[in-house]
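This briefing is for a reader new to the structure shown below. Please look over the sequence and the model before reading on.

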Amino acid sequence: MISAMQAGLGVASGALVGFSLGLIGGGGSILAVPLMVYLVGVTDAHVAIGTSAIAVAVNAAINLWNHARGGTVRWSCALPFAAAGIAGALVGTIFGKLLDGRKLLELFALLMLVIAVLMLKTRSRAGLPDVRLSRDNMPAILGLGLATGALSGFFGIGGGFLIVPALMLATGMPIINAVSSSLVAVTAFGLSTAASYAWSGLISWELAGLFIAGGLAGGLIGTRLARSLSVQRGALNIVFASVIIVVALYMLTRNLFAF
């Protein structure tokens, strides 16, 4: 059973997760997992991962609808990327559940720092806002989709922090379009990962519901802020990378020194 304090913390944490998904298309599970473990008090890291997967998938779908209304989703690229990633995610979850939960969090934090550096290096790139699926970019979209999905399933995450830079690399689209389009894959990857963890009985449905409820309001605010920042070249990249760095360092600190 979840206490009243845990319920309140769950809703507040969900609002932060929804805000992050709306703002940068990622950070859902990256924030949700440590929030569940360190703030709400979920003692089993695998339950935290499984619960965050379903909560993030639903919140991502809601934020996708918000971004789609603004016309920034590039469906022709996002859909095949997500389709390729689902296969990778299902395979990744098999191996992820074999590792110790704390070790997974440490490995993921290190990967986040690498991604942050790459995003800062490309912050001044304008991108191609009207990019579409073509014979030239299809191999990159499918290949990176498969690889990103595998990593998403392995680490038990929605994958936005991996998907956004992968879409930018595969298609050359600007970050605002990558953020919006990434939510298609985040939703798909999250549901694939959640299905695997649910089969193993590693989801707290009550806590997932609280996270989803909190994420509704947070997502609306995050989406509006993303549109505002997107008109300033490099601003959204810097925000994206900064969030990754802060969370990664926090996760490393807790795992290396708190246990």
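The points below cover a pair of helices and one valine in a loop.

This is a predicted model, in which local features need pLDDT of at least 70 and side-chain atom pairs count only at pLDDT 80 or more, while totals for chains, interfaces and linings use all residues. Residues are numbered from 1 along each chain as its sequence is written, and side-chain values use heavy atoms, with hydrogens and water left out.

**Helices H6 and H7**

- Helices here are DSSP runs of H or I with at least four residues, numbered from the N terminus.
- The axes of H6 (residues 138-155) and H7 (residues 160-171) come within 9 Å and cross at roughly 165°; axes are lines fitted to C-alpha atoms over the stretch in contact, and angles run from 0 to 180 degrees between N-to-C directions.
- H6 is therefore roughly antiparallel to H7 (an angle over 145 degrees).
- Residues of H6 that meet H7 include Ile141, Leu144 and Leu151, and those of H7 include Leu162, Ile163 and Leu169; contact means heavy atoms within 4.5 Å.
- Among the buried residues of H6 are Ile141, Gly145, Phe154 and Phe155; buried means under 20% relative accessible area, with a 1.4 Å probe and protein chains only.

**Valine 73**

- Valine 73 lies in the loop between helix H3 (45-69) and helix H4 (75-96).
- Valine 73 counts as buried because its relative accessibility is 7%.
- Leaving aside neighbours within four places in sequence, valine 73 is in contact with Leu64, His67, Ala68, Ser180, Ser181 and Val184.
- Valine 73 and isoleucine 176 are 103 residues apart in sequence and 8.8 Å apart in space, C-alpha to C-alpha.

Key:
Helices (H or I, at least four residues) and strands (E, at least two) are DSSP runs, numbered from the N terminus. Buried means under 20% relative accessible area, exposed over 50%, partly exposed in between (1.4 Å probe, protein chains only). Angles under 35 degrees count as roughly parallel, over 145 as roughly antiparallel, 65 to 115 as roughly perpendicular and the rest as oblique.
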